[in-house]
Amino acid sequence: MIIDYSAVLYDPIYAELGVSAMLTTTAGVVEITVVDDTRPKSIISGSLETKSVGPGAFARIPELAGKGVARADYINSMLAFNGRMWLIRSYELRGNPNGEDQGEVRFLLKDSDG
């Protein structure tokens with residue numbers, strides 16, 4: 001039996017936590033759903049504290065590909081959601097057991113004003 005991780009894992013998460021976003025690339029503007037990961041986070045374990053690297057947003061790779069957004073389009077694109085505009089400075093792929101192209105991408109963001 002093959003488990004469809006998009007249906008089992010990502011669909012409920014994006015239905016509950018996802019927000020509408022506008023992604024502007026050199027190829028045009030598309031509406032996507034992202035999970036806001038812009039707030040800094042701290043994880044304390046014993047005497048060790050780790051902070052997140054910076055603001056980010058998660059998006060599903062199949063949704064991006066389905067709307068004609070290629071990986072080459074990610075960097076230096078603009079992403080607007082929750083009343084803010086961000087520049088995508090980098091990204092990290094987060095595959096799943098169905099394959100890398102069925103997972104997520106975490107966009108690493110920079111405030112578009114600075």
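This is a predicted model: local features need pLDDT of at least 70, side-chain atom pairs count only at pLDDT 80 or more; totals for chains, interfaces and linings use all residues.
Residues are numbered from 1 along each chain as its sequence is written, and side-chain values use heavy atoms, with hydrogens and water left out.

Let me start with the overall layout. The chain has two helices and eight strands, where helices (H or I, at least four residues) and strands (E, at least two) are DSSP runs numbered from the N terminus. Along the sequence these elements follow the pattern α-β-β-β-β-β-α-β-β-β. Of the 114 residues in the chain, 33% are buried, and by buried I mean under 20% relative accessible area, with exposed meaning over 50% and partly exposed lying in between, for a 1.4 Å probe and protein chains only. Contacts, meaning heavy atoms within 4.5 Å, are between residues 24 or more positions apart in 54% of the cases with a separation of 6 or more.

Now to the barrel. Six strands form a closed barrel in the order β1-β2-β5-β8-β7-β6, with antiparallel pairing, and the twist from one strand to the next averages 45 degrees.

Taking some of the pairs in turn, strand β5, residues 56-60, runs antiparallel to strand β8, residues 99-111, and five bridges join them; here G56 stands opposite L108 in β8. Between β7 and β8, the antiparallel pairing extends over nine bridges, with W86 opposite D111 in β8, and a hairpin joins these two strands through two residues. Strand β6, residues 78-81, pairs with β7 over four bridges, again in the antiparallel sense, and M78 stands opposite L87 in β7.

That last pair also forms a hairpin, with two residues between the strands, and N82 in its turn has a positive phi of about 50 degrees. In general, most residues other than glycine have a negative phi. N82 counts as partly exposed because its relative accessible area is 49%. A positive phi, near 70 degrees, also occurs at N76, which is found in the loop between α2 (61-66) and β6; N76 is classed as exposed because its relative accessible area is 57%.

Let me return to the helix I promised. Helix α1, residues 5-17, lies across β1 (19-25), β2 (28-37), β5, β7 (84-96) and β8, and runs at about 90 degrees to β2, given that axes are lines fitted to C-alpha atoms, for helices over the stretch in contact, and that angles run from 0 to 180 degrees between N-to-C directions. With 13 residues, α1 reaches 17 Å from its first C-alpha to its last, close to the 18 Å expected at 1.5 Å a residue, the expected span being 1.5 Å times one less than the number of residues. At D11 the helix bends by about 30 degrees, and a proline, P12, follows within four residues. At the start of α1, a side-chain oxygen of D4 comes to within 3.1 Å of the backbone nitrogen of S6. Which residues of α1 are buried? They are S6, Y10 and Y14, and what covers them includes β2, β5, β7 and β8.

I will finish with two threonines. T38, in the loop between β2 and β3 (42-45), is buried because its relative accessible area is 19%. Beyond its neighbours within four places in sequence, T38 is in contact with P55, G56, F81, W86 and L109. Its side chain also makes a polar contact with the side chain of D36, at 2.6 Å; a polar contact is a pair of N or O atoms within 3.5 Å, where within protein one must be able to donate a hydrogen and the other to accept it, and residues adjacent in sequence count only if both atoms are side-chain atoms.

T24, by contrast, is found in strand β1 and is partly exposed, because its relative accessible area is 33%. Leaving aside neighbours within four places in sequence, T24 is in contact with V29, S77 and M78. T24 and D73 lie 49 residues apart in sequence and 9.2 Å apart in space, C-alpha to C-alpha.

Note on methods:
Two strands pair if DSSP finds at least two bridges between them. The bend at a residue is the angle between axes fitted to the seven residues ending there and the seven starting there.
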